[in-house]
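Good morning, and thank you for coming.

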Amino acid sequence: MTTLNRADFAALLGVTGPAVRQWMNEGMPAQRTGIAGNAGYQIDSVAALQWLFDKRIKKAVKAERRRMERVHNLIPELDAEEMAKLSVDLEASMREFMTSH
């Protein structure tokens, strides 16, 4: 486990400190250190990167579901069997994505 402060974690990912702070506000794991007025944070880089990866996957799945809903609305003549096949194809694609990244 490698722990980094907020600035080092931001530099590792090439993002700003406020971006890291926003992720922390959204639930990215970080431990507060120090005392009020002089607090800092230690970030377990492995846990934080896993959190970011999970967040990205959830966002991609949500976007894909919205896309599938739009397709379904555009092509109402698809029957339940065809829609089920599209869902299976989506799940297979996501599993493939997860194993390749």
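In helix α2 (residues 17–26), the buried residues are V20, W23 and M24. Because these residues cover an arc of only 100 degrees around the axis, they sit on the same side of α2; the arc is that of the directions from the helix axis to the C-beta atoms. In general, an α-helix has 3.6 residues a turn, so residues three or four places apart point the same way. P18 and N25 are exposed on the other side of α2. Here, buried means under 20% relative accessible area, exposed means over 50%, and partly exposed lies in between, with a 1.4 Å probe and protein chains only. Just after α2, G27 adopts a positive phi of about 120 degrees.

A word on the source. This is a predicted model, in which local features need pLDDT of at least 70 and side-chain atom pairs count only at pLDDT 80 or more, while totals for chains, interfaces and linings use all residues. Residues are numbered from 1 along each chain as its sequence is written, and side-chain values use heavy atoms, with hydrogens and water left out.

Let me turn to the whole chain. Its secondary structure comes to 4 helices and 3 strands, in the order β-α-α-β-β-α-α along the sequence. Helices (H or I, at least four residues) and strands (E, at least two) are DSSP runs, numbered from the N terminus. Of the 101 residues in the chain, 17% are buried.

Is L4 buried or exposed? L4, which belongs to strand β1 (residues 3–5), counts as buried at 18% relative accessibility. From L4 to A30 the separation is 26 residues in sequence and 9.5 Å in space, C-alpha to C-alpha.

I close with two surface patches. Patches consist of residues with over 30% relative accessible area and no salt bridge, like charges being joined within 9 Å and nonpolar side chains (Val, Leu, Ile, Met, Phe, Trp, Tyr) within 5 Å. A salt bridge is a side-chain nitrogen of Lys or Arg within 4 Å of a carboxyl oxygen of Asp or Glu.

The nonpolar patch is formed by L12, L13 and L49, with about 240 Å² of accessible area together, by the Shrake-Rupley method with a 1.4 Å probe. L49 is in helix α3 and is partly exposed at 37% relative accessibility.

R56, K59, K62, R66 and R70 gather in a patch of positive charge, Lys and Arg counting as positive and placed at NZ of Lys and CZ of Arg. R66 lies in helix α3 (residues 45–74) and is partly exposed, at 43% relative accessible area.
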